[in-house]
Amino acid sequence: NRDYFATNPEFFSLNEAGQRVPNLQLCFSNRGLRDEFTAQIRRHISASGERQIIMVDAADRPGRFCHCEGCVALEKKHKSPGGPLFDYLIELSNTLQREHPQARVKTLAYRRGQTQIPPSLPEGKRLPANLIIDFAPIEDAYFADWTHSDSQIQETVQHLKDWAAITAPGNLWAWMYPNPWGSGHVMPVGNVERVVTNMRLMHQIGVRGIFLDHNGVNSRSGWSELQAFLVLKLSQDIDADTNALIKEFTDHVYGPAATLVRRYLAELENARKAMRVVPPGVSYKSRNFDDRTFPYLTTANIHRWQPTFERMLELTADLPRYRSNVEVLRRELDIAT
C-alpha cells in the first residue's frame, strides 16, 4: 500500500489545527497504525532475513510528533517529546525478541524537541536488549567540545549519560558531526581536538558504535581526512597517542611542510578554544560569515598564515604529491582571505 494517507489518514499526525496531515510524522498512539507498522516489519524480515538491524526513525522534520490526545499522553508518560515513538519502539522490540530474536531495532536520538531526551522508565528498568539508540546531537555549536561550559552542550552530555543508564550495554551508538555544514565547511576551523575529546568522553559514558556525518571528506575540506584517520585509530584503541598519530599523518601527507602544518593547526585550535562563548546561530550548520562566528580570522592572523603557506609551497616545490596536499589545505584560508 503506497497510499496510506488516502486509506488510513488516522495513521498520520494531527497538526495544531486538528487536521491529519501526510507531511509530518505518524500517530504512534493509534493502535491500527502500530499493528500495520509491525506487520510490515514482519514482512520485511520474512523477505530479507532474520539477522539484521531495522531502522525506525522519525521523519527529519522538527516539531511535535502529533497533537492528538493519545500522543500527548505518551509524551507525558515518558517525560519526553519522543514519547509516542519510544512507546511503540519498546512494544516493537519486545515483539521481535519473541518472534525474531536475531533481529534488532535502531532509532535516532535526534533533536531536543523530539527524541534526544530519553524516555523516563520505571526505576531499574532498561530498554529492550535488541533496541539500539543512535545519539545524534545536531543542535550544539561545532566550535566547542563536550567539556565546554555552554549550558546546551552540558545538557547534551547529560542526555547521553541518561541514555547510557537505560540502554543495554553495547547498544548506545553515536552519530558524530565533526564538521559543520555551511560556513564552517569553507572557513579555517581547528576541529581536530574536539573529535578526540568527544570520542573519549563518549567511550567513557558507554558509546560503542560510531557513525560520521562527515561532510568534507568528499571535497577534502579542512582537516576532514585527519579527523577520519583519528576516529578510526581511536575506534581501535581509545587511549591511542593522538599527538603521535597526528605527527604520523601529517608527515605522510605533507612531507617537509608537516611541521608548519602542525603549527597552523595548533594556532587554529587555540583560536577555537579561546571562544568561551559559543557563537549564536551555530549548530551542526552555519550560514554566518561574520566576526562573532569567526573572531580569529583577523587581518593579522591571515597576514601571518598566508606567508606560512608560501613557505610550505617552497618546501614541497619539487614534490608534487605533498605540494598538492598543501594547496588543498590552503583553500579555506584563501576563501577567508
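**Entry 1: α2 and α4**

I looked up how α2 passes α4, and found a right-handed crossing. I note here that the model is predicted. Helix α2 covers residues 31-48, and helix α4 covers residues 83-99. I read a packing angle of about 40° for the two, with their axes 11 Å apart. Angles of 65 to 115 degrees count as roughly perpendicular, and those under 35 as roughly parallel. I therefore call α2 and α4 oblique to each other.

Next I listed who meets whom. From α2 I wrote down Arg31, Arg34, Phe37, Thr38, Ile41, Arg42 and Ile45. They meet Pro84, Asp87, Tyr88, Glu91, Leu92, Thr95, Leu96 and Glu99 in α4. I sorted the residues of this contact into seven nonpolar, two polar and six charged.

**Entry 2: α9 and α12**

Helix α9 runs over residues 242-254, and helix α12 over residues 320-336. Their axes come within 7 Å and cross at roughly 110°. That angle falls in the range 65 to 115 degrees, so α9 and α12 are roughly perpendicular to each other.

I found Asp251, His252, Val253 and Tyr254 on the α9 side. On the α12 side I found Arg321, Tyr322, Asn325, Val326 and Leu329. The residues of this contact divide into five nonpolar, two polar and two charged.

I moved to histidine 78, in helix α3, which spans residues 69-78. Is histidine 78 buried or exposed? Buried means under 20% relative accessible area. Histidine 78 has 4%, so I count it as buried. Setting aside neighbours within four places in sequence, I listed its contacts: Gly83, Asp87, Ile90, Pro118, Pro119 and Ser120. Asp87 is also one of the α4 residues that meet α2.

Lysine 79 sits in the loop between α3 and α4. Exposed means over 50%, and lysine 79 has a relative accessible area of 63%, so I call it exposed. Most residues other than glycine have a negative phi.

**Entry 3: arginine 111**

I found another positive phi at arginine 111, about 75°, although this residue is not a glycine. Arginine 111 lies in helix α5, residues 111-115. Its relative accessible area is 12%, so arginine 111 is buried.

**Entry 4: serine 183**

Where is serine 183? I placed it in the loop between β5 (181-182) and α7 (192-205). Its relative accessibility is 1%, so I count serine 183 as buried. I left aside neighbours within four places in sequence and noted contacts with Tyr142, Ser286, Arg287, Asn288, Phe289 and Phe294. I also found a polar contact: a polar atom of the serine 183 side chain lies 2.8 Å from the backbone oxygen of asparagine 288.

**Entry 5: proline 307**

Last, I looked up proline 307, in helix α11, residues 299-315. Its relative accessible area is 47%. The buried class ends under 20% and the exposed class begins over 50%, so proline 307 is partly exposed. I also checked its separation from alanine 174, which is 133 residues apart from it along the chain. The C-alpha atoms of proline 307 and alanine 174 are separated by 40 Å.

Key: Residues are numbered from 1 along each chain as its sequence is written. This is a predicted model: local features need pLDDT of at least 70, side-chain atom pairs count only at pLDDT 80 or more; totals for chains, interfaces and linings use all residues. Side-chain values use heavy atoms; hydrogens and water are left out. Helices (H or I, at least four residues) and strands (E, at least two) are DSSP runs, numbered from the N terminus. Buried means under 20% relative accessible area, exposed over 50%, partly exposed in between (1.4 Å probe, protein chains only). Axes are lines fitted to C-alpha atoms, for helices over the stretch in contact, and angles run from 0 to 180 degrees between N-to-C directions. Angles under 35 degrees count as roughly parallel, over 145 as roughly antiparallel, 65 to 115 as roughly perpendicular and the rest as oblique. A crossing is left-handed if the near helix is turned anticlockwise from the far one by less than a right angle, and right-handed if clockwise. Contact means heavy atoms within 4.5 Å. Ala, Val, Leu, Ile, Met, Phe, Trp, Tyr, Cys and Pro count as nonpolar, Asp, Glu, Lys and Arg as charged, and the others, Gly among them, as polar. A polar contact is a pair of N or O atoms within 3.5 Å; within protein, one must be able to donate a hydrogen and the other to accept it, and residues adjacent in sequence count only if both atoms are side-chain atoms.
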